[in-house]
Amino acid sequence: MLSKGGRWATRTKNPQPYVKALIVVFLVALILLAAMPQIGTVILATSDWATSGTLPTTFTTQYMNTLFTNSEVRGAVLNSLLYSGVAVVIMILVGSSIAYIVDKRDIPGKGILDTLATIPVAIPGISLAIGYFLFFSDVFQGTLLDPLVDPALLLISAYSIRRLPFTTRSVGAGLQNVDKSLEESSMNLGADRSTTFFRIVLPLIVSHIINGAILGFVYSMSEVSASVTLGGLREDRVPITYFISQIVYGAAATGSVSIGAALCVLLMAVQITAMAISNYILKQKSSFLGV
Amino acid sequence: MVKVELKNVTKRFGEVIASDSVNLVINDGEFFTFLGPSGCGKTTTMRMIAGLEFPSEGKVYYDDKDVTSLPSFKRNTGMVFQNYALWPHMKVSENVAYGLEVRKVPKEEIAERVEKVLDLVGLSGMGDRFPNQLSGGQQQRVALARVLVIEPDILLLDEPLSNLDAKLRVEMREEIKDIQRKLGITTIYVTHDQEEAMAISDRIAIQNYGKIRQVGTPQEIYNKPDNLFIATFIGKGALLEGNVTSIGENISVDIGEGVLEGHNTGNKSLEEGDHAAVVLRPENFFLKALDEPYNVLDGLIEWSSFIGAVTEVKILIGDESLLIDAPAGREYVSGESLKVYIPKAKTVILPWMELD
């Protein structure tokens with residue numbers, strides 16, 4: 001018996017042309033179906049309807065413009081950018097440290113640390129948010145940590161903790177690629193631990209750190225549970241997602257659903273850009289991120 | 001250049017004893033090799049000398065200075081790792097310059113020394129390449145240049161040739177030996193390849209199960225093995241098992257097919273009636289009677305293979321097969337009988353020990 005396998009004769013078969021066509025049609029249909037909400041959102045954000053009829057009648061940029069002109073909307077966008085930005089810095093510092101300790105240091109209890117850093121994935125955001133509310137509004141009543149005084153710090157904290165695992169995992173994956181001998185050879189040649197870290201380890205994992213930061217940022221921008229629960233406690237502190245939810249429930253002062261759609265378009269744009277950057281940095285062909 | 005001394009050095013990883021009560025002196029300027037089967041603790045012992053591992057017990061001295069707990073970056077040793085451990089994000093010249101940069105050597109001097117050392121290892125003009133643009137042999141040279149440039153007190157080489165092909169391995173080992181001779185640097189080498197160890201070393205320490213079993217020059221270890229493990233680990237050779245029948249100027253061992261006389265090179269003495277092994281090297285068999293005292297064995301030719309300078313012949317003595325190097329100038333027909341003569345002076349007799 002001859003085997004057809006091997007480097008020059010692979011076992012894969014090329015499909016017939018009509019099968020190929022079928023596959024393409026099926027996949028396009030599937031992707032279109034999956035993208036319907038996004039397509040709808042974009043249409044909603046960029047067009048107007050006549051009073052009757054199912055199709056949009058005119059193209060308009062007024063709702064997208066609102067993102068920059070309406071102070072309420074702009075405030076929500078800036079708040080989200082600020083919270084996510086600060087949260088990303090915290091995630092990187094804490095997440096990288098945890099990843100480094102777990103991967104490179106032999107200290108007791110590092111397994112527990114690893115678990116603790118991963119657990120937030122499994123905690124529903126709503127539980128975290130309500131827990132925060134009950135604890136901080138009681139124990140830290142009247143201070144900056146009291147969400148009734150200012151929810152900003154708690155939102156940053158919630159974002160940092162909920163999205164920490166993504167950063168930790170990403171940096172951890174990078175560190176696993178840095179063989180122990182690369183650090184040992186540096187120390188052997190006279191570099192102390194910190195020089196070794198900054199000149200050898202950091203440059204080798206910087207793409208993973210950036211990738212982790214992008215992931216953390218995107219997920220923070222689109223965080224819902226904590227944002228909706230805590231975000232509305234002070235009017236000038238609302239994040240994007242809280243604002244969208246208010247529009248959807250018809251409770252926002254700036255009422256049009258189309259403005260909500262414009263905000264969604266902004267979030268999608270942030271995510272797509274982030275994915276593109278992240279893909280470029282890691283030079284991977286497909287991303288595991290979902291839009 | 002320094003002398004290295006290990007006093008009672010033991011390293012445990014949990015239950016496992018990697019190095020077991022190692023006592024050694026490695027002389028200034030010496031090419032010293034740790035040789036042993038994989039997992040014997042030779043790399044761990046070297047890593048303790050480099051300061052990348054710290055002994056559970058015992059002391060490490062450089063020139064009588066206790067460095068047992070001194071971190072690696074304060075020891076001024078240069079270690080070449082088995083996988084080379086070149087930094088992939090740095091060019092060859094940056095890799096080589098690194099050790100000088102962390103020592104705060106002036107820029108102009110760094111450039112000069114990097115160029116000089118790249119020249120020494122035969123890589124001049126390659127400074128702008130990245131490690132992944134180099135062949136295995138070239139990467140090996142970069143790894144060597146990177147440690148030589150800092151002018152280390154001790155050069156440590158951890159199986160540096162194991163990733164190279166056979167021909168390059170021989171070339172590189174000669175080059176390493178050459179450079180070492182030129183620089184006169186104390187060099188510690190780890191390998192599991194006994195031929196490599198013999199070819200390159202001034203002295204060899206053979207380690208097994210964490211313990212140093214014998215230290216000596218290649219000749220001493222080959223010709224005067226301390227025990228049966230060494231005798232079988234180093235070089236080719238055949239073992240014949242028997243009992244000591246008499247102790248005199250020579251020791252006589254009855255192997256069933258006759259009595260062989262030889263001498264005990266081991267570090268344990270033999271008594272009459274003891275279980276012993278006769279170790280015979282292939283090159284010590286002759287096909288005609290000798291002028292010096294000799295042993296004779298009658299064998300049956302199993303097979304022969306012509307390998308150039310000699311013909312390897314396998315002969316059957318009783319139910320033991322022996323490999324002998326026979327002259328190439330004649331035919332060896334399987335099934336025919338062959339009388340072999342072994343000088344008594346080259347017949348090594350050792351106390352029996354169980355080998356695994």
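1. From the N terminus on, the elements of chain A follow the order α-β-β-α-α-α-α-α-α-α-α-α-α. That comes to 11 helices and 2 strands, where helices (H or I, at least four residues) and strands (E, at least two) are DSSP runs, numbered from the N terminus. Please keep in mind that this is a predicted model, in which local features need pLDDT of at least 70, side-chain atom pairs count only at pLDDT 80 or more, and totals for chains, interfaces and linings use all residues. Residues are numbered from 1 along each chain as its sequence is written, while chains are lettered from A and ligands numbered from 1 in the order in which they are written.

2. Of its 291 residues, 34% are buried; a residue is buried if 20 or more other C-beta atoms lie within 10 Å of its own, exposed if 12 or fewer, and partly exposed in between, with C-beta atoms placed from the backbone. Two residues are in contact if their C-beta atoms, placed from the backbone, lie within 7 Å. Among contacts in chain A between residues at least 6 apart in sequence, 67% join residues at least 24 apart.

3. Chain A is divided into domain 1 (16-44) and domain 2 (62-282), with bounds that come from an automatic or database domain assignment. Taken over C-alpha atoms, the centres of the two domains are separated by 32 Å. Their contact takes 4 residues from domain 1 and 6 residues from domain 2. On the domain 1 side, the residues divide into 2 nonpolar, 2 polar and no charged; here Ala, Val, Leu, Ile, Met, Phe, Trp, Tyr, Cys and Pro count as nonpolar, Asp, Glu, Lys and Arg as charged, and the others, Gly among them, as polar.

4. Ala213(A) counts as buried because it has 23 C-beta neighbours inside 10 Å. Not counting residues up to four places away in sequence, Ala213(A) touches Val88(A), Ile92(A) and Thr167(A). Ser278(A) is 65 residues away along the chain, with 9.4 Å between its C-alpha atom and that of Ala213(A).

5. Next, the contact between the chains. It takes 15 residues from chain A and 19 residues from chain B. On the chain A side, helix H7 (180-188) and helix H8 (193-221) each supply at least two residues. H7(A) gives the most, with 6 residues. By class, this side of chain A has 7 nonpolar, 5 polar and 3 charged residues.

6. In chain B, 6 strands form an open sheet of mixed pairing, in the order E6-E7-E8-E3-E9-E10; two strands pair if DSSP finds at least two bridges between them. The edge strands, each pairing on one side only, are E6 and strand E10 (211-216) of chain B. On average, neighbouring strands of this sheet are turned by 15° against each other, direction ignored. Helix H4 (residues 136-148) of chain B packs on the sheet, touching E6 and E7 of chain B, and its direction makes about 175° with that of E6(B). Axes are lines fitted to C-alpha atoms, for helices over the stretch in contact, and angles run from 0 to 180 degrees between N-to-C directions.

7. Strand E6 (residues 77-80) of chain B is covered on both faces: Thr77(B) and Met79(B) on one side, and Gly78(B) and Val80(B) on the other, are all buried. E6(B) runs parallel to strand E7 (residues 154-158) of chain B, joined by 4 bridges, and Thr77(B) stands opposite Ile154(B). E7(B) also pairs with strand E8 (residues 186-191) of chain B in the parallel sense, over 5 bridges; there, Leu156(B) has Ile188(B) as its bridge partner.

8. Leaving aside neighbours within four places in sequence, the contacts of Leu156(B) include Met46(B), Ile49(B), Ala50(B) and Ile188(B).

9. Finally, two backbone details in chain B. Asn8(B), in strand E1 (residues 4-13) of chain B, has a positive phi of about 55° although it is not a glycine. Lys104(B), in the loop between helix H2 (92-101) and helix H3 (107-120) of chain B, likewise has a positive phi, of about 60°.
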